[in-house]
Amino acid sequence: KDSQDIHQELTKLRTKIQEAREHVVSGMPGIDCSPGEQQQHLASLRDQVRTKNQLLQKYKSLCMFEVPKAS
Amino acid sequence: MAMAEKATKERLLSVLDDLEVLSRELIEMLALSRNQKLPQAGEDTQILDLLVQRDRELQELMEVGKEQGRVQEEMLLLEKEVEKRDSDIQQLQKQLKEAEHILATAVYQAKEKLKSIDKAKKGSISSEELIKYAHRISASNAVCAPLNWLPGDPRRPYPTDMEMRSGLLGHMANLPTNGVNGHLPGDALAAGRLPDVLTPQYPWQSSDVSVGMLPPHHGNDFGLEPPGHNKENEDEVEAMSTDSSSSSSDSD
């Protein structure tokens, strides 16, 4: 009877651990890379957004018909 | 150091595997020791320590994973913003391309016009000369009927049949060496060599047609015209007919 109880408890343990594995694989986004790599990617994205905002602001405020000064 | 570079997912899965193994070992060990009633030499303590350590590690990794999840949400927002900016840049690029095309076309046309202006300046003609030629053309009434022209006026902006016959070509037709075959019946009739039977009959001929209203090739009727008519034509400039029905070009 004890061995049956142990066997049942081990099965439960295995099931719980398997559920935890599935949760880690599919239920936790963003853990495919290390925290350091993720921070680098985040910084790169922020940089992209900033650069593109500046570019758009520059071209929208640029006067296309400025007459260049004669040298 | 190598562990720090590993992805959080791998580390979590590794810790879970360790926990599973340690837990099973501990349970089996406890079950075995209970059955055999033999004390274990601190082995279960070691397993317990490892188990506690792995559990602590799991907790830390779960916190790291949660934080990474929050960062991932922020990254998704940033990626959406990047996509929007890319779309704006592409739209702006398209508009700039259109503007460039329009400006290039305008510049090209302006250059062509400047070339035409230069070309015209090189071959410029004085306005007096132009006016002189215009006066010469319009003085012959070739572009507009004379102000006193009325329907019935025999004057035309082209040589009339009578004028042609009274000219050099008309006199050449009277020479005996010219055969009938080389001339139209109307010309031979004007030369007086064809009998009336062979006179070309046109549907618009009528006995009531007065002088000046007749279309060409009516040689007999032309004899009724006043003799001074030719002189009048020679003195007058050629008058262009304003009535299209009086044109003789079709009957020629």
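**Close-up views of a two-chain contact**

The structure holds 16 salt bridges over all chains. The model shown in these views is predicted.

**View 1. Arg21(A) and its partners in chain B.** The side chains of Arg21(A) and Asp17(B) meet in a salt bridge, with N and O 2.5 Å apart. This pair crosses between chains: Asp17(B) lies in helix α2 (residues 8-36) of chain B, and Arg21(A) lies in helix α1 of chain A. Arg21(A) also forms a salt bridge with Glu20(B), where the closest N and O atoms are 2.6 Å apart. Across the interface of chain A and chain B, five salt bridges are found.

**View 2. The side of chain A that touches chain B.** Across the interface of chain A and chain B, ten residue pairs are in polar contact, with both residues at pLDDT 80 or more. On the side of chain A that touches chain B, the elements giving two or more residues are α1 (2-26) and α2 (35-61) of chain A. The largest share, 15 residues, comes from α2(A). By residue type, this side of chain A divides into 19 nonpolar, seven polar and seven charged residues.

View 3. Chain A gives 33 residues to the contact, and chain B gives 38 residues. The size of an interface is often given as the accessible area lost when the parts come together. For chain A and chain B the buried area is about 3,300 Å², and carbon and sulfur atoms give 71% of that area.

View 4. An unreviewed UniProt entry annotates residues 75-109 of chain B as "coiled-coil region". In the model, this stretch of chain B is 100% helix and 0% strand. The C-alpha atoms at the ends of the stretch are 51 Å apart.

**View 5. Helix α4 of chain B and the residue Asn141(B).** Helix α4 of chain B covers residues 127-139. At 1.5 Å a residue, its 13 residues should span 18 Å, and this agrees with the 18 Å between its end C-alpha atoms. Just after α4(B), Asn141(B) has a positive phi of about 55°.

Conventions: Residues numbered from 1 in each chain as written. Chains lettered and ligands numbered in written order. Predicted model: local features only at pLDDT ≥ 70, side-chain atom pairs only at ≥ 80, totals over all residues. Heavy atoms only, no water. UniProt positions renumbered as here; feature names shortened; annotations may be inferred. Helix = DSSP H or I, 4+ residues; strand = E, 2+ residues; numbered from the N terminus. Contact = heavy atoms within 4.5 Å. Buried area = accessible area lost by both parts, 1.4 Å probe. Salt bridge = Lys/Arg side-chain N within 4 Å of Asp/Glu carboxyl O. Polar contact = N/O pair within 3.5 Å; in protein donor to acceptor, adjacent residues only side chain to side chain. Nonpolar A, V, L, I, M, F, W, Y, C, P; charged D, E, K, R; others polar. Expected span 1.5 Å × (residues − 1).
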